[in-house]
Amino acid sequence: MFNLTNISTFLIGMSYSFLIINKIYFGIVLSLGILIFLTQNFRKLKEFSGISLKKIMYIILPCFFILVLFTLNSIMPWRSFEVLLYLLLIFLFSFFFYVSLSNKKLDKISYFLSLSIFINSVVIF
């Protein structure tokens, strides 16, 4: 059976190798791996969302309003809104990735990452 979760763990683990080639390739491979990973684990995310979404919103909303006030007070507000959007998207995807991660998948990602670091070290030296 063709399993996309194996491909996503491979892409996430080996994304470090693409950092040597280009930063854009690194970002594309890492984000593609995370998006495939999240779509494969959508049921787990759906179960978690009903549990404590209200508790999380009590923390996130005041922080969001404070950050919006800081961006409005900035010299270049439009640029600050873009940076704020990137920051929030990174937090959101990281949180979803953390929730859907299991020990078995973490072991696979760690294996591919250590293999990637070893191969890059051999190529560089």
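Colleague: In which hand does α1 pass α2, left or right?
Modeller: In this predicted model, the crossing of α1 past α2 is left-handed. The residues of α1 that make the contact include L4, L11, I12, F18 and L19, and those of α2 include Y25, F26, L30, I34 and F37.

Colleague: At what angle do the axes of α1 and α2 cross?
Modeller: The crossing angle is roughly 165°, and the axes come within 8 Å. Angles over 145 degrees count as roughly antiparallel, so α1 is roughly antiparallel to α2.

Colleague: Which residues do α1 and α2 span?
Modeller: Helix α1 covers residues 4–21, and helix α2 covers residues 23–40.

Colleague: Now to α5. How are α1 and α5 oriented to each other, roughly parallel or roughly antiparallel?
Modeller: The axes of α1 and α5 cross at roughly 25° and come within 8 Å. Angles under 35 degrees count as roughly parallel, and α1 and α5 are therefore roughly parallel to each other. Helix α5 consists of residues 103–124.

Colleague: And is that crossing left-handed or right-handed?
Modeller: The crossing of α1 and α5 is right-handed.

Colleague: Which residues meet there?
Modeller: On the α1 side, they include T5, T9, F10, I12, G13 and Y16. On the α5 side, K105, I109, F112, L113 and I117 are among them.

Colleague: Let us look at K105 in α5. Is K105 buried or exposed?
Modeller: K105 has a relative accessible area of 17%. Buried means under 20%, so K105 is buried.

Colleague: What does K105 touch?
Modeller: Leaving aside residues up to four places away in sequence, K105 touches T5, T9, F37, N41 and S100. T5 and T9 are among the α1 residues that meet α5, while F37 is one of the α2 residues in contact with α1.

Colleague: Stepping back, what secondary structure does the whole protein have?
Modeller: The protein has 5 helices and 0 strands. Read from the N terminus, the order is α-α-α-α-α.

Colleague: What are its overall dimensions?
Modeller: The C-alpha trace spans about 50 × 40 × 20 Å along its principal axes. The radius of gyration of the protein is 18 Å, whereas a compact globule of 125 residues would have one near 14 Å.

Colleague: How much of the protein is buried?
Modeller: Buried residues make up 24% of the 125 residues. The accessible surface comes to about 9,700 Å², with 75% of this belonging to carbon and sulfur atoms.

Colleague: And what share of the contacts joins residues 24 or more positions apart?
Modeller: Among contacts with a separation of 6 or more, such pairs account for 66%.

Conventions. Residues numbered from 1 in each chain as written. Predicted model: local features only at pLDDT ≥ 70, side-chain atom pairs only at ≥ 80, totals over all residues. Heavy atoms only, no water. Helix = DSSP H or I, 4+ residues; strand = E, 2+ residues; numbered from the N terminus. Rg over C-alpha atoms; globule rule 2.2 N^0.38 Å. Buried < 20%, exposed > 50% of the residue type's maximum accessible area, 1.4 Å probe, protein only. Contact = heavy atoms within 4.5 Å. Areas by Shrake-Rupley, 256 points an atom, 1.4 Å probe, with all protein chains shown as cover. Axes fitted to C-alpha atoms, helices over the stretch in contact; angles between N-to-C directions. Parallel < 35°, antiparallel > 145°, perpendicular 65-115°, else oblique. Left-handed = near helix turned anticlockwise from the far one by under 90°.
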